[in-house]
Amino acid sequence: MTTQEKIYATPSIIEYFQEQPKNILDNAYLGICLLAHSGKVIYANQRCANIYGVSSSEMQDKRIHEFCRYTAQNFSEFLQKLDQEGDLTTQEMYINGCYYLYKIQNSPQHKQHFLIVTLLDTTAYKRIELALQKSNQQLEYLCTLDRITGLNNMTAFEQEIRKIRAHAHSEPLGMILLDLDHFKKFNQENGYEYGDVAIQTVSHCLAQFIEPNKQLLFHLGGDEFMFILYQVQTWSVYTIAEQIIAAINDLDLYFSSGAQQRLTASLALESFQTGLLFEHEFFLVRLKHLIRQAKKLGGNRWLDSRSLNQR
């Protein structure tokens with residue numbers, strides 16, 4: 001602590017800190033500020049002043065609010081937390097491109113009526129923390145992507161279902177399950193490598209039907225795909241299904257056993273009306289049943305409960 005800084009610390013404060021095992025005022029790594037409960041600066045070391053871009057003498061007898069917008073916005077909250085948490089509260093502060101651990105506490109001895117504020121520069125640690133958070137977010141995102149198609153995978157589908165169950169939607173919800181017809185035979189005849197190419201080709205085709213925030217597409221594995229359609233009416237689900245069937249036919253993916261035998265798909269459609277309990281297991285069972293019925297009818301078509309009952 002410099003001679004100039006000592007001038008601005010009252011004798012009682014100096015005496016108090018000299019009784020501590022380590023004189024906190026001399027800590028070169030901490031910004032130290034002593035405040036009255038009104039926010040008036042009783043003492044500030046130069047490291048603290050440097051954080052705010054001023055000298056320690058400029059801070060003397062002025063309110064900390066004049067130098068720190070963060071403190072000005074949160075000072076009342078700090079005092080309230082001190083009462084609730086027992087004379088010590090810690091916050092994180094960002095100022096002038098740096099992060100600080102901002103600790104504020106009541107003076108614990110001699111009935112001194114001032115607040116002790118310490119600021120520790122944690123910028124290097126914070127940058128590492130933020131980098132790790134970003135890496136973890138990227139890893140979590142990659143875990144929801146299918147390796148072959150790059151689409152959302154089963155994990156992402158299950159996460160979306162949990163969101164649907166947890167939040168009520170004001171608009172109807174549509175679901176389309178798609179299963180390629182005779183894909184096992186297609187793999188056997190054309191080879192599994194070409195089967196993966198076919199899955200990728202189909203996924204690119206299906207992706208064109210996705211509108212951000214309204215439709216989601218998932219590759220559930222194998223030759224199964226699932227659409228979740230938000231803010232959609234039943235008639236619109238029918239239209240999308242017809243367009244999907246036509247688009248897959250236009251891909252010209254053929255079985256090697258015959259030029260006239262192309263890869264097609266069966267689709268199952270269901271709608272969920274708002275105000276009802278969403279039981280996704282029940283919906284999935286119904287969709288699977290509709291897929292089986294569509295394949296029995298020769299595939300290359302869509303079915304929903306209404307159209308099935310009319311047959």
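In this predicted model, helix α8 is followed by glycine 191, whose phi is positive, near 95°. Helix α8 itself spans residues 183-190, and its buried residues are Phe183, Phe186 and Asn187. Viewed down the axis of α8, these buried residues fall within an arc of 100°, so they line one face of the helix. An α-helix has 3.6 residues a turn, so residues three or four places apart point the same way. Lys184 and Gln188 lie on the other side of α8 and are exposed. The partners against which the buried residues of α8 pack are β6 and α9.

**The five-stranded sheet**

Strand β6 belongs to an open sheet of 5 strands, arranged in the order β7-β8-β6-β9-β10 with mixed pairing. Its edge strands, each pairing on one side only, are β7 (215-221) and β10 (301-304). From one strand to the next, the twist averages 20°. Helix α9 (residues 192-207) packs on this sheet and touches β6 (173-180), β7 and β8; the direction of α9 makes about 10° with that of β8. Helix α10 (residues 234-249) also packs on the sheet, where it touches β6, β8, β9 (265-272) and β10; the direction of α10 makes about 165° with that of β9.

**Antiparallel strand pairs**

| Strand pair | Sense | Bridges |
|---|---|---|
| β7 and β8 (residues 224-230) | antiparallel | 6 bridges |
| β3 (residues 88-95) and β4 (residues 98-106) | antiparallel | 8 bridges |
| β4 and β5 (residues 115-121) | antiparallel | 7 bridges |

Individual residues can be located within these pairs. Phenylalanine 218 stands opposite methionine 226 in β8. Glutamate 92 faces leucine 101 in β4, and tyrosine 100 has aspartate 121 in β5 as its bridge partner. Strands β3 and β4 form a hairpin with 2 residues between them, and asparagine 96 in the turn has a positive phi of about 50°.

**Asparagine 153**

Asparagine 153 is found in the loop between α6 (123-142) and α7 (154-166). Its relative accessible area is 12%, and a residue counts as buried under 20%, so asparagine 153 is buried. The side chain of asparagine 153 reaches the backbone oxygen of cysteine 143 at 3.0 Å. Apart from residues up to four places away in sequence, asparagine 153 touches Cys143, Thr144, Leu145, Asp146, Phe218 and His219. One of these, Phe218, is the phenylalanine that stands opposite methionine 226.

**Nonpolar cores**

The largest nonpolar core has 32 residues, and Leu178, Leu206, Ile244 and Leu267 have the most contacts inside it. Two or more residues of this core come from each of β6, α8, α9, β8, α10 and β9. Helix α10 supplies the largest share, 8 residues. Leucine 178 is in contact with Leu206, Asp223, Glu224, Phe225, Ile244, Ile248, Ala265, Ser266 and Leu267, leaving aside its neighbours within four places in sequence. A second, separate core has 25 residues, among them Leu35, Met59, Tyr70 and Phe78.

Conventions: Residues numbered from 1 in each chain as written. Predicted model: local features only at pLDDT ≥ 70, side-chain atom pairs only at ≥ 80, totals over all residues. Heavy atoms only, no water. Pairing = 2+ DSSP bridges. Helix = DSSP H or I, 4+ residues; strand = E, 2+ residues; numbered from the N terminus. Axes fitted to C-alpha atoms, helices over the stretch in contact; angles between N-to-C directions. Contact = heavy atoms within 4.5 Å. Buried < 20%, exposed > 50% of the residue type's maximum accessible area, 1.4 Å probe, protein only. Arc of directions from axis to C-beta. Polar contact = N/O pair within 3.5 Å; in protein donor to acceptor, adjacent residues only side chain to side chain. Core = buried A, V, L, I, M, F, W, Y, C linked by side-chain atoms within 4.5 Å.
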